[in-house]
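Have a look at the model alongside them.

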Amino acid sequence: MWRQVRLISQISRTCLHMMKRTVITTQTRQMLSTTTTQLHHSLNLHQPIRKQSTSLKFDYEKISQETLDSICDFFDQVAEDHDVDTDYDVSLEIGVLTIKISKKVGTYVINKQTPNKQIWMSSPVSGPKRYDFVDSAWKYSHDGKFLHDHLETELSDIFSTDISMSSVAYCNPTTDEKK
């Protein structure tokens with residue numbers, strides 16, 4: 001699925017680039033736009049109607065960065081508390097958190113998506129998801145689960161033990177305080 005998302009993104013960028021060029025006809029421009037939209041809808045990549053933060057305004061940059069910092073610290077602690085693969089690696093750079101679990105499992109990528117005020121996660125287990133800040137936590141609108149719930153479930157399966165992310169910032173819905 002992730003390869004499909006990357007392919008659609010590349011096609012979209014190519015279509016947008018072509019539409020900006022004046023050498024194509026209006027009919028071709030409309031066809032490219034329609035095709036891109038249809039591809040996004042067929043892979044369920046279109047933006048759903050969603051409820052963002054329960055507060056009218058929230059400091060997206062601060063909250064998203066604190067979330068990524070806290071998740072990074074959590075994954076560093078996982079390496080200390082559990083038997084991890086020699087390939088295990090965690091890095092956070094410029095709003096992109098990369099967690100390589102192992103060659104067999106794969107790599108998580110969690111990043112800020114500032115224009116949409118979202119956090120995106122690419123999971124080697126469940127694929128891509130986009131989270132909105134709702135009730136003081138990051139929620140996936142398609143299934144109603146929170147970012148930490150998805151990670152806890154997948155990591156518990158990967159490490160064959162219960163994993164709790166209760167200490168991670170903004171993982172407790174309806175509380176304004178981070179732990």
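I began at serine 160, which is exposed with a relative accessible area of 66%; exposed means over 50%, buried under 20% and partly exposed in between, with a 1.4 Å probe and protein chains only. Serine 160 sits in the segment after α4. Its phi is near 55°, a positive value in a residue other than glycine. I noted beside this that most residues other than glycine have a negative phi.

I then went to isoleucine 94, where phi is positive too, at about 50°, although the residue is not a glycine. Isoleucine 94 lies in the loop between β1 (89–93) and β2 (96–102). Its relative accessibility is 86%, so isoleucine 94 counts as exposed.

**Ground rules**

I reminded myself that this is a predicted model, in which local features need pLDDT of at least 70 and side-chain atom pairs count only at pLDDT 80 or more, while totals for chains, interfaces and linings use all residues. Residues are numbered from 1 along each chain as its sequence is written, and side-chain values use heavy atoms, with hydrogens and water left out.

**The whole chain**

I looked up the elements and found 4 helices and 6 strands; these are DSSP runs numbered from the N terminus, helices being H or I of at least four residues and strands E of at least two. Their order from the N terminus is α-α-α-β-β-β-β-β-β-α. Of the 179 residues in the protein chain, 38% are buried. The accessible surface is about 10,700 Å², and 50% of that belongs to carbon and sulfur atoms; the areas come from the Shrake-Rupley method with a 1.4 Å probe.

I also checked contacts (heavy atoms within 4.5 Å). Among those between residues at least 6 apart in sequence, 49% join residues at least 24 apart.

**Cavities**

How many cavities of 30 Å³ or more are there? I got 2. A cavity is a set of points on a 1 Å grid over the protein atoms alone where a 1.4 Å probe fits but cannot get out, and lining residues have an atom within 4 Å of a point. The largest cavity holds about 60 Å³, the volume being the space filled by probe spheres set on the points, which are joined across faces, edges and corners.

I sorted the lining by class: 9 nonpolar, 2 polar and no charged residues. Here Ala, Val, Leu, Ile, Met, Phe, Trp, Tyr, Cys and Pro count as nonpolar, Asp, Glu, Lys and Arg as charged, and the others, Gly among them, as polar. Both α3 (60–81) and α4 (147–159) supply at least two residues of this lining, and α4 gives the most, with 3. The lining includes Thr67, Trp138, Val168 and Cys171.

**Valine 168**

I followed one lining residue further. Valine 168 is found in the segment after α4 and is buried, at 3% relative accessibility. Its C-alpha atom is 7.2 Å from that of threonine 67, 101 residues apart along the chain. Leaving aside neighbours within four places in sequence, valine 168 contacts Ser70, Ile71 and Phe74.

**Cysteines**

Cysteine 171 is buried, with a relative accessible area of 3%, and cysteine 72 is buried at 11%. I counted 0 disulfides, a disulfide being a pair of cysteine sulfur atoms within 2.5 Å.

Methods. On a 1 Å grid over the protein atoms alone, a cavity is a set of points where a 1.4 Å probe fits but cannot get out, and a pocket is an open set with protein on both sides within 12 Å along at least five of seven lines; lining residues have an atom within 4 Å of a point.
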